[in-house]
Amino acid sequence: MREPGEAKPDFGQPSWRVEGTVINAGEVRLSPAADPSAGTPHTAPPPPSDEPAFRRSLARLLLRKLRSTGGENHWLSDELTELTAIVEDVGGQLGDGRRRGLRRRPTRYSTQPLAQALAHPDADLILLQGVAGSGKSVALRQHALSLLEQIESGRAPGLPLPVYVNLRELVAKPHEINTELLRRYVMEQTGPHGNADIASYFTHCFAEDLRNRRVVLLFDSFDEIPAVLGSATVDAVVAPYVETIIELVGGGGRCVVACREYKGLRTAGWTQLHILGMSLDQQESFLDAAHLDSGEIDLVRPLLADPRRGFAGELQNPLSLRLLATYVQSRRASPDRPTALFAEYAALRIRAGFERVGLDPDGATATDVRPRLDAFLDHFAFQLTASGGGLSVAEGDLVDALAQATRDAPDRRELLGRVLTESRILGFSSTTAEPGGRRVFFGHRRVQQFFASRYVATHPSAVAREELATNGRWRETAVTVLQGGAPEVTEPLLETLAGVLAGERDLANGSGATDFEWSPAAVHCLELLTAAYQGRADWPYAPVRPLIEELVEAAWSRGSVSDRKFALDCLPLLSEGARETYIDLAFSGDSDWIRMTAVRDCATLPTLSSATQASIRRLLITRLGRRTSKPETQALDVDLRRLPGTTDFVSVRRVLDRTPRLVVVLALLGTILPLVASTERPLERAASVLPGVAMCIAFFWVIQSCPPLSYGGPRSFGLLARIGRFVASTDSPDVLPRVFGFFSGVVILASVTKILALSLPAVREQGLESLTDPVGFLVGWYAVCWGPSVLYAAYDDRITPNTGVLRQSLLVTESLRQGVPFLRTLLNWRRLVTHAARWWRSLVAMALVSGGLVYLLNRFPAVAGIVTAGVLLTMTAGILNYFLTDLFQTLRSRTRVHNALRSGARGGPAFFTGLLTLRDAREAAEYVRRVRDVPRAGPLDVDRATLRLFIARLRGREAAVSPEAQRRLAKWQDDPELLDELGRLDEQLRPR
């Protein structure tokens, strides 16, 4: 129901044509509405005569136009702080690269500065995504300005010409859009109407330049296209626009599309850039550039660093950070809630509006008009949101709304309109609607959401609770209401959301329910709650949390890989104990996608518990046994830096990554030192080098693969991983490091004693050569102890940024410390007898094996040399055979994948047929990845139910698939790479 006298939100979107956006322009030129079916003008302009000079002239025009529209984001700094983006490159490939058949390609994921990622020369279709206010539009404009300035000045005339186009006012419906209409819209948005150079370029050069990559299209605000904004079925509406863009760009052109993830593109074959939130250093640099002094930055630093204050997530965006700077400069204090930033922005704008019309902002007239102006802005934003017809209306509709708002005080109408215009809260563009005049819109979508949510908070009956909770049109409004609304407003909304989730819970736990799948309604509600409460420690409505935890448990135990991934996205909504459980489960699995999602989602938590921090350290130890590329490591570092708390996980990662190499160096030093210092029996001594180094390295990887240090060793280490898994399967997996620590102390003590005993008489008689054997033995055993000691120090959180080389060298005491419990057991004869009766077979076997190896190496060095030579020859032959076999298998695998793609890339049943023709899981993962990377307008035409059956069978569950699929999927069961690729495809196919 609406309030009495409330105007019906019926703002429409008539057909019109843009002639160039001029913010707050005084006079504009109007022309008749363009007919979408009309062709090119009858009189074509002549072709340009001098191409280099013409391109400079064209760049000058585009530059002037772009600068004139820069006032639209007047709350942002002129220079955009360098942002960071996660790059998902379609040319990359996941996987550890250890299985034969297909070689490892460059990694799919990396992190790069946003400006560098936008300038990527090899990407044709780029999707730039980020939350509202994250800097997408400003980044596109800055990229365009940089290119245009270089072309216009002649410094780099060969750069592609950037054409920036805002799609917010593209009113063509999905059934109307085509390449010709889009091309004309681009031309009309690009420069002044009637300009001869613009017309000549688009008539004669644009299509050819697009094909030859001499033009890059920068499409902004895709999710604000009116038809997309008001759609209930997002994918069906988005697909025609994406298909038209692909057709316009053609096979070789370049295009960047910026949009939010919600109601944005969800297509395959595009290089995706996800803008990350600003780090603390970036935030402080931004505030310094916004002219905050050190005292003011110190004032707001708790808001930036402490997620429990409720600001940390919000202030990672440039828009909110700029509003914070404005608030502090105005109030000389820090805000108490995020909505206060927008409230202060509106108050300052209105105050400036009064000053521009010559009124005292604190005078009687301004005091009388201000409440009416606030109420009008709230109601106008509400009407604009409720209309579902886009984010702008004709100026005539604004005039009518002003008349409605001042019907009881018509003498204030003219003043209200002047103050509103001069406040610059609203923007005006030159358009050709019917007699309605210019288009009117709020300067930023977040500003409109603030006013609309304020209206809903003061008029709860304006929107039905069910519609506010479930209709995507009101998503941002609902988020803002939940963040800053009064309990009497937020609790009914939360109760409605709880009802939706309770229905989802009952459906998931109903009789006969075996599998789990997130419904679009549940995804919408949980995304809404996550956006509202991530990073906040308080939970205003307790009955919601148990429902979420039940759904997450069902998704994890009975859902597919994509269901688990979305369950991790709900971490901010779970209790501390549930967070720890699912983070640990995600880290202990084999899925790289799930593991990195969990790390990334940890950054949205208000704090990290000690158990969660221990899980992250275990993950860093575990990844030592997995081959990772440099871009993957850089992406991990970015995620680690964004984690809340004071622990420097990047320093821990760097120390751990250096450890395996240093272990090899120390082992070589310990075995080569006696060889260099003594000339006796050189061949025998040389033969002992390889076994000594191998024993040292092998022991390090066995310890690394044992719990509780890590989540288990990788499959590729074969025997070592089996030893680690055997130790982990015992009742006391820490018995091996404890026994080793004790005997390490004994060996080191004996070596030091021997060195001291020989130091005086032996040195006098034989010189320093008498010390080489005990010293070398001591160094070798130090190498054996030092590697595991670093792992234990990392696990126990003993590595800090101040842990220098000297302190790292003393970490060997960690291994010795592990032997203290075993020493206590030896001193306690009752416990000694109990443990001996339980473990005597294992202890005797370990003693015999280790003692026998040491005895054989010292008693029969010639045998050791023969064994070493045989091992070297075998290794050489094995390596040669590996590379030759890998070469042939790579060629055959590529042929099989290529043949499967001929039919399977089109989707439909042929997708599954092509999948089942492949030989191993590596080929299947590569096939799915390449199918996903084919550019298309919408999701792949694949039956999602069948896909989920395939995923279920791969995870070892019963699934109704064909006998051939049963046999093939059983062979590929639990392959993490294939499950990740199919999970990503399943996520793309989830209806919206």
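**Briefing: a predicted protein chain**

Cys 259 is buried, with a relative accessible area of 0%. Buried means under 20% relative accessible area, exposed means over 50%, and partly exposed lies in between (1.4 Å probe, protein chains only). This is a predicted model: local features need pLDDT of at least 70, side-chain atom pairs count only at pLDDT 80 or more, and totals for chains, interfaces and linings use all residues. Residues are numbered from 1 along each chain as its sequence is written, and side-chain values use heavy atoms, with hydrogens and water left out.

**Whole chain**
- The protein chain has 992 residues, and 53% of them are buried.
- It contains 43 helices and 10 strands. These are DSSP runs (helices H or I, at least four residues; strands E, at least two), numbered from the N terminus.
- Take contacts (heavy atoms within 4.5 Å) between residues at least 6 apart in sequence: 76% join residues at least 24 apart.
- The accessible surface of the chain is about 42,700 Å², and carbon and sulfur atoms hold 57% of it. The area comes from the Shrake-Rupley method with a 1.4 Å probe.

**Cysteines**
- Cys 205 is also buried, at a relative accessible area of 17%.
- The structure holds 0 disulfides, meaning pairs of cysteine sulfur atoms within 2.5 Å.

**Helix α16**
- Helix α16 covers residues 445–458, and its end C-alpha atoms are 20 Å apart.
- In α16, 11 of the 14 residues are buried. Among them are Arg 445, Phe 450, Phe 451 and Tyr 455.

Methods. Expected span 1.5 Å × (residues − 1).
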